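Here is a short report on one predicted model.

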Amino acid sequence: MEHYDHLYDVSENANVRFLGFISEGTRYDFGMVFTHKFYGKPLVICMQTGQSTLLSSEDAVNPGYLQKIFRLDSENEALALAEFFQEHLPSIPFEENQY
């Protein structure tokens with residue numbers, strides 16, 4: 001058996017929000033896990049593809065990134081999703097990671 005260096009093992013109660021919506025005929029279902037880990041950025045999970053990323057409202061201004069990470073078919077879908085996330089994700093001030 002290989003030796004592994006233990007990095008962390010942290011438990012916390014996290015808030016989870018599930019959001020579903022339709023934009024121009026495309027359905028989206030996302031889970032957002034709000035935690036103190038990852039510099040306060042929520043973990044956003046696409047329930048259809050299983051793709052996930054750490055995302056704040058500032059990160060959501062990049063539709064190209066959203067198109068790539070969530071495997072969107074068009075730039076218009078990415079723009080709609082960027083607008084949605086900018087409205088529904090928190091703005092993250094820089095702070096040291098708590099763990």
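## Contacts of Phe70

A contact here means heavy atoms within 4.5 Å. By that criterion, Phe70 touches Phe30, Val44, Cys46, Thr49, Gln51, Thr53, Leu81 and Phe85, leaving aside residues up to four places away in sequence.

## The nonpolar core

Phe70 also belongs to the largest nonpolar core, which has 19 residues. Six members touch the most other members: Phe30, Met32, Val44, Phe70, Leu81 and Phe85. β1 (15-23), β2 (26-34) and β3 (43-46) each supply at least two residues, as do α1 (63-69) and α2 (75-88). Which element gives the most? That is α2, with five residues.

In soluble globular proteins, nonpolar side chains tend to be buried together.

Most residues other than glycine have a negative phi. Two residues in this model depart from that pattern.

Phe38 is not a glycine, yet its phi is positive, about 60 degrees. It sits in the loop between β2 and β3. Is Phe38 buried or partly exposed? Its relative accessible area is 33%, so Phe38 counts as partly exposed.

Arg71 is not a glycine either, and its phi is positive at about 55 degrees. Arg71 lies in the loop between α1 and α2. Its relative accessible area is 56%. The cut-off for exposed is over 50%, so Arg71 is exposed.

How values were computed: Residues numbered from 1 in each chain as written. Predicted model: local features only at pLDDT ≥ 70, side-chain atom pairs only at ≥ 80, totals over all residues. Heavy atoms only, no water. Core = buried A, V, L, I, M, F, W, Y, C linked by side-chain atoms within 4.5 Å. Buried < 20%, exposed > 50% of the residue type's maximum accessible area, 1.4 Å probe, protein only. Helix = DSSP H or I, 4+ residues; strand = E, 2+ residues; numbered from the N terminus.
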